[in-house]
Amino acid sequence: MPIHNADIAAAFTEMADLLEIQQANPFRIRAYRNAARIVGELAREVRAMVERHEDLTELPGIGEDLAAKMREIVDSGRCRALDRLKSELPPAIGELLRVPGLGPKRVRTLWHELEVQTPEQLARAARDGRIRALSGFGAKSEANILKSVEEHLSKARRLKLATAAQYAHSLVDRLSAAQGVIRVEVAGSYRRARDTVGDLDILIAARAGSDVMARFAACDEVAQVLAQGPTRAGAVLKSGLQVDLRVVEEAAYGAALCYFTGSKAHNIALRRLAQERGLKLNEYGVFRGRNRIAGDSEGSVYRALGLPWIAPELREDRGEIAAARAGRLPRLVQLGDLRGDLHAHTRASDGHHTLQEMALAAKATGLTYLAITEHSRRLAMARGLDPRRLAEQCEEIDRLNETLSGIVLLKGIEVDILEDGSLDLPDAALARLDLVVGAVHSHFDLSRRKQTERILRAMDHRRFTLLAHPTGRLIESRPPYDVDMLRLVRHAKTRGCYLELNAHPDRLDLSDSHCLIAKEEGVLVSINSDAHSREEFANLRFGIGQARRGWLAPADLLNSRPLAELRRLLARNR
Ligand code: DGT
Ligand code: CA
Ligand code: CA
């Protein structure tokens, strides 16, 4: 079965987790975690590299042993070391790790002290009040565990968009090659660029007699076909991802695409609009009486309802239909609108490539400037910079800029915002920088008032330019910290500073609705990769998806500006 990077990353993460439950050597554990991150974020498929006999040890953090395991996973779909490790532990213990708030250490304690081995046993132990007595737990954490495990048991898993994308691309390729297939598109929340997807909805236009259904059922990725008829099928992939497949005639493709793209709320609003005009809208077309008057393309469907085509990312019934009617739809941002990236790391802190490598990769992505923003000294684990190392890097950047063409490096820092809102570096160290990106990396659990005031105070600093990943959320694993976003946005406005939309697929922070707030308040947003390696500039497209969901146009962005204008905007609050 074809292996995707997400599969390899998942295997390595599982290795690391299980090793940690076993209390294995911390260096070994960290090596697997790093490898999982690197493989998971790689823009190229490892499978393709293996097929071309490329040297995997050239990837950062991948030694001979990990490279061999990657080849083994690609070739056989298995990892014997992982199988062995699993056989040494209770079979469902990995499932416990997916309960929010439980790491390997706690799982180990629960297992050893209470013989908890499954989420169901965990819920029972919490309900019986047996967890609070364990050292390091207590009544409050018992209540939290009960809440998260119940949520975990009740909710179907959603997959991050970037992970789903890996499966979607290869399924689309395979299905496009089937006989008689005219068009293939992934609809649903995937097409609307939501940050997670519940399942993939694949829509196909095919001529009569196409073998696409048989092809689908025979795909190696498919673990189980749940239902199959001549025009629809449902399946579960080996990764656990569900897929809905529909085959329609070409004449109805646009109407079907519109219907299966959703959202449901958008569909309902469209149907109401059709009724007002004496028309009927369904997945087969737009009808006047029994006459189909539109349906082959999405444009024809919207036109029949008196509307311009509406981009999928806007289809959430958040005012897009009224805006379309009034001719006020924004011209949404596209990847090509980005002139630069204002957040990236190199080897100097926790990145994997040099200044020059990052500059060239940014240029190859089509950017004209790149801000280097290492962590500051407080983040010792990430080898954060102190004033001396920052000054050295600034000199290195000045020298390098003399030799670079087509790309300019800007001098920045991702400085920690400390608990009291002060910055982790002295003014003198920040003075010679082009921009100061501030970020919260600690004390996530402050009260809403304290967290908000902490960040407002950081923005008051005269050197502060841009607030990185403003809510700190990690999709599906860490909730946003509690903060008054409207106050932050308004304060940014009065202080002349800006907000980041971090494009890392785990973050996408600002979220879509926060982008809308920034736009309404007139605060510019910078879509940044936060790249830690040269491959990660590819993540910018996920940031673009989220920005489009937030109605952002090029004029709403900071990094859509040419360098000279950007410099003026950065200097505004100095
Ligand atoms: P997901 O899969 O949870 O991430 O979200 P979606 O939006 O992909 O939802 P899904 O897969 O259940 O359905 C795909 C699309 O099909 C949905 O966006 C709109 C359309 N659809 C599904 N059920 C209904 C319905 O009951 N009424 C209407 N009007 N449309 C529906
Ligand atoms: Ca879906
Ligand atoms: Ca579906």
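**The ligand shell, the sheets and the backbone**

Author: The residues of the shell around ligand 1 comprise three nonpolar, seven polar and six charged. Keep in mind that this is a predicted model.

Reader: How many residues surround ligand 1, and which are the closest?

Author: A residue belongs to the shell if one of its heavy atoms lies within 4 Å of the ligand. Here 16 residues surround ligand 1, and the closest are Arg158, Ser189, Arg192, Gly198 and Asp199.

Reader: How much of the accessible area of ligand 1 does the protein cover?

Author: Ligand 1 has 590 Å² of accessible area on its own, and the protein covers 71% of it. The elements that give two or more residues to the shell are α11 (188–191), β4 (199–206), α13 (253–261) and α14 (264–276).

Reader: β4 came up there. What is the strand order of the sheet that holds β4?

Author: To read a sheet, list its strands in order and then look at the pairing. This one is an open sheet of five strands, ordered β2-β4-β7-β6-β5, with mixed pairing. Its edges are β2 (181–186) and β5 (222–228); each has a single partner strand, so one side of each is left without a neighbour in the sheet. From one strand to the next, the twist averages 20 degrees.

Reader: Do β6 and β7 pair in the parallel or the antiparallel sense, and over how many bridges?

Author: Strand β6 (residues 232–237) and strand β7 (residues 242–248) are antiparallel and pair over five bridges. Within this pairing, Ala235 stands opposite Val243 in β7.

Reader: Which strands does α10 lie across, and which does α13 lie across?

Author: Read the strands touched, then the angle. Helix α10 (residues 161–176) lies across β2, β4, β6 and β7, and runs at about 175 degrees to β2. α13 lies across β2, β4 and β7, at about 175 degrees to β4.

Reader: What is the order of the sheet of seven strands, and what is its pairing?

Author: The order in this open sheet is β11-β12-β13-β14-β15-β16-β17, and the pairing is parallel. β11 (340–341) and β17 (525–528) are the edge strands, each pairing on one side only. Inside the sheet, β12 (residues 369–375) and β13 (residues 408–416) pair in the parallel sense over seven bridges. Ala371 stands opposite Leu410 in β13. Helix α24 (residues 563–571) packs on the sheet and touches β12, β13, β14 (435–439) and β16 (498–502); its direction makes about 30 degrees with that of β13.

Reader: Where are the cis peptide bonds at Ser263 and Leu510?

Author: Most peptide bonds are trans, and most residues other than glycine have a negative phi. The bond from Gly262 to Ser263 is cis, with omega near -5 degrees, and Ser263 is in the loop between α13 and α14. Another cis bond joins Asp509 and Leu510, with omega about 15 degrees; Leu510 is in the loop between β16 and α22 (512–521).

Reader: And what is the phi of Gln23?

Author: Gln23 is not a glycine, yet its phi is positive, about 55 degrees. This residue lies in the loop between α1 (5–21) and α2 (26–41).

Terms used. Residues are numbered from 1 along each chain as its sequence is written. Chains are lettered from A and ligands numbered from 1 in the order in which they are written. This is a predicted model: local features need pLDDT of at least 70, side-chain atom pairs count only at pLDDT 80 or more; totals for chains, interfaces and linings use all residues. Side-chain values use heavy atoms; hydrogens and water are left out. Accessible areas come from the Shrake-Rupley method with a 1.4 Å probe; for residues, only the protein chains shown count as cover. Helices (H or I, at least four residues) and strands (E, at least two) are DSSP runs, numbered from the N terminus. Ala, Val, Leu, Ile, Met, Phe, Trp, Tyr, Cys and Pro count as nonpolar, Asp, Glu, Lys and Arg as charged, and the others, Gly among them, as polar. Two strands pair if DSSP finds at least two bridges between them. Contact means heavy atoms within 4.5 Å. Axes are lines fitted to C-alpha atoms, for helices over the stretch in contact, and angles run from 0 to 180 degrees between N-to-C directions.
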